[in-house]
Amino acid sequence: MKITIIDGQGGRIGKSVIEQIKKKHAELELYAIGTNSIATSAMLKAGADYGATGDNAVIVNAADSDIIVGPVGIVFANALLGEITPATAAAIGASKAYKILIPVNRCNHFVAGCAEMPMGDYIRIAVEKMESICFPV
């Protein structure tokens, strides 16, 4: 199962996701795809097994991923202060992967129905959902 974590900016969300997954499931191979080298580096330091950076890395890896985890902005063109290109957003949206999107209510979007919670709680919920897909009961 190919699990891909996509993040940008400083990679803080992706780093936290990878740390939580690796803490419980060190055996899972995680692909860290950053929209910039700082984000990729942060996710690799957190324990990702593979890493790549940039628009083409997102496009290539989204195509054959089983699960994609990242902030909700990864599916919005020009989000993350412009780091998400239209091609990146389209590749993630078109991917057959199960997408686990972490709500971040800023940068001119609001996810209706999401309770206001600390980012750590959203990440915990995202990791639990990923576990339910990888390890069904």
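Visitor: Is Asn-36 buried or exposed?
Guide: Asn-36 counts as buried, at 18% relative accessibility, where buried means under 20% relative accessible area, exposed means over 50% and partly exposed lies in between, all with a 1.4 Å probe and protein chains only. This is a predicted model, in which local features need pLDDT of at least 70 and side-chain atom pairs count only at pLDDT 80 or more, while totals for chains, interfaces and linings use all residues. Residues are numbered from 1 along each chain as its sequence is written, and side-chain values use heavy atoms, with hydrogens and water left out.

Visitor: Where is Asn-36 found?
Guide: Asn-36 sits in the loop between β2 (30-34) and α2 (37-45), with helices (H or I, at least four residues) and strands (E, at least two) taken as DSSP runs numbered from the N terminus.

Visitor: Which backbone oxygen lies 2.9 Å from a polar atom of its side chain, that of Asn-36?
Guide: That is the backbone oxygen of Gln-9, and the backbone nitrogen of Ile-38 also lies 2.9 Å from a polar atom of the Asn-36 side chain. Leaving aside neighbours within four places in sequence, Asn-36 is in contact (heavy atoms within 4.5 Å) with Gly-8, Gln-9, Thr-53 and Glu-83.

Visitor: Back to Gln-9, what is its phi?
Guide: Gln-9 has a positive phi of about 50° although it is not a glycine; Gln-9 belongs to the loop between β1 and α1 and is partly exposed at 34% relative accessibility. Asn-78, in the loop between β4 and α4 (79-82), is another non-glycine residue with a positive phi, near 75°, and Asn-78 counts as exposed at 54%.

Visitor: New topic: how many salt bridges does the structure hold?
Guide: It holds 5 salt bridges, each being a side-chain nitrogen of Lys or Arg within 4 Å of a carboxyl oxygen of Asp or Glu. Side chains of opposite charge can pair when their charged atoms come close.

Visitor: Which side chain meets that of Lys-2 in a salt bridge?
Guide: The partner of Lys-2 is Asp-64, at 2.7 Å from N to O. Because Lys-2 lies in the segment before β1 (3-7) and Asp-64 in the loop between α3 (55-63) and β4 (67-71), the pair ties together parts that are 62 residues apart in sequence. Lys-2 is buried at 13%, whereas Asp-64 is partly exposed at 47%.

Visitor: And what does Glu-131 form a salt bridge with?
Guide: Glu-131 pairs with Lys-24, the closest N and O atoms being 3.7 Å apart. Glu-131 lies in helix α6 (residues 119-134) and Lys-24 in helix α1, so this pair ties together parts that are 107 residues apart in sequence. Glu-131 is buried at 14%, while Lys-24 is exposed at 52%.

Visitor: At roughly what angle do the axes of α1 and α6 cross?
Guide: The two axes come within 10 Å and cross at roughly 50°, the axes being lines fitted to C-alpha atoms over the stretch in contact and angles running from 0 to 180 degrees between N-to-C directions. The helices α1 and α6 are therefore oblique to each other, since angles under 35 degrees count as roughly parallel, over 145 as roughly antiparallel, 65 to 115 as roughly perpendicular and the rest as oblique.

Visitor: Which residues in α1 meet α6?
Guide: Among them are Ile-13, Val-17, Ile-21 and Lys-24 in α1, and the α6 side includes Ile-123, Val-127, Met-130 and Glu-131.

Definitions and conventions: Polar contact = N/O pair within 3.5 Å; in protein donor to acceptor, adjacent residues only side chain to side chain.
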